[in-house]
Amino acid sequence: MDTHAHTQDPATPIDAPQLLLVLIDQHWDNYQSERELCRNEFSSEAVRGLRIATRRMLALVQLLRRLNLGPNLQKLRCTFKDQLDGFDSLRDVQVILAEISGTIQELPGLLLFQEYLQKREKRLLRSVKKIFKQVKRGDTAKRIVKRSEILKNRAIENIPIRMLHAVDEAFLTTLQRVNWVNSSDSATIHRVRLAFKKFRYMVEMIHPTLGNFPQENLKRMKNYQGAMGRIQDIEILLRSLSDFASSSSTFDPKPVLHLFEQRHVAAISGYLEEMYDFNNFWHAASDLPFPWENIQ
């Protein structure tokens, strides 16, 4: 389910408090559905769906925090952040498995590495399942309901303006990090990715309040983030590959390392070529028009 999709006319902005209520209902319902799916079928795909739903809930809570919509949002943020962190190792293994699946025919030596990863994936699934069963939903549900009640009483003023300011701040933070990118230091790109992710999720949530927002920008932002994520994924693979090689006397890592090091260089070059496309996603100051408003 794409919980940030809306069917209203993109040229007609919708009421900001009402949008937040819709987002809370949609994201929470999707999160609960994915949790229930995991209870009934704890598969890799089910875990992936829950991870995405948890990430969306975390992004929503972070937006509500920026809008100062009630107390105790930090506790709610920590709840979803802890759950998301619990998926990290499993996600890394699954990304590596997907990456090498199309390369094994070219480099059959990867079969040993694949078998090692598949065993690790099974262990991590068991571990995540055990942690998952220990998570209690009651307190989280109460806090989500409380956010809805705060919005419904309409005591909060200037939500549309505060919402735009929150996105402005996220954009400027990301822009600063873009300007600090060093092509020889991929860590500077990862810092952009972390900031951009927060900005992108905010735009996805609040864009129905904007008139004439170009829907294709949602896909473009996803691709922009994906270009940076590709760099990180290859680096995760290279670290895991080195660890495996150091513990296996029968595995020759040189051909594989060479191939993925080349892919790493290509991924960085690809992102650098498109890096400043970021400026097309938002205005640089609140008194300036949005980039899509300048298009005749």
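A salt bridge here is a side-chain nitrogen of Lys or Arg within 4 Å of a carboxyl oxygen of Asp or Glu. Before we start: this is a predicted model, in which local features need pLDDT of at least 70 and side-chain atom pairs count only at pLDDT 80 or more, while totals for chains, interfaces and linings use all residues. Residues are numbered from 1 along each chain as its sequence is written, and side-chain values use heavy atoms, with hydrogens and water left out.

**Exercise 1. Find what joins glutamate 99 to arginine 230, and say how exposed each residue is.**

Step 1. The two side chains form a salt bridge, with an N to O distance of 2.4 Å.

Step 2. Glutamate 99 belongs to helix 4 and arginine 230 to helix 9, 131 residues apart, so the pair links distant parts of the chain. Helices are DSSP runs (H or I, at least four residues), numbered from the N terminus.

Step 3. Buried means under 20% relative accessible area, exposed over 50%, and partly exposed in between (1.4 Å probe, protein chains only). Glutamate 99, at 16%, is therefore buried, and arginine 230, at 32%, is partly exposed.

**Exercise 2. Describe how helix 4 and helix 9 are arranged.**

Step 1. The axes of helix 4 (residues 88-101) and helix 9 (residues 216-247) come within 10 Å and cross at roughly 95 degrees. Axes are lines fitted to C-alpha atoms, for helices over the stretch in contact, with angles running from 0 to 180 degrees between N-to-C directions.

Step 2. Helix 4 is therefore roughly perpendicular to helix 9, a label that covers 65 to 115 degrees.

Step 3. Contact means heavy atoms within 4.5 Å.

**Exercise 3. Work out where arginine 66 finds its salt-bridge partner.**

Step 1. Its partner is glutamate 169, with the closest N and O atoms 3.4 Å apart.

Step 2. Arginine 66 lies in helix 2 (residues 44-66) and glutamate 169 in helix 7 (residues 159-179), 103 residues apart.

Step 3. Both count as partly exposed: arginine 66 at 36% and glutamate 169 at 48%.

**Exercise 4. Which side chain of opposite charge is nearest to arginine 77?**

Step 1. Locate arginine 77 in helix 3 (residues 73-85).

Step 2. Arginine 77 is buried yet has no salt bridge; the nearest side chain of opposite charge is aspartate 82, 7.4 Å away.

Step 3. Not counting residues up to four places away in sequence, arginine 77 touches Leu58, Val61, Gln62 and Arg65.

Technical notes
Helix = DSSP H or I, 4+ residues; strand = E, 2+ residues; numbered from the N terminus. Lys, Arg positive; Asp, Glu negative; His and termini not counted. Parallel < 35°, antiparallel > 145°, perpendicular 65-115°, else oblique.
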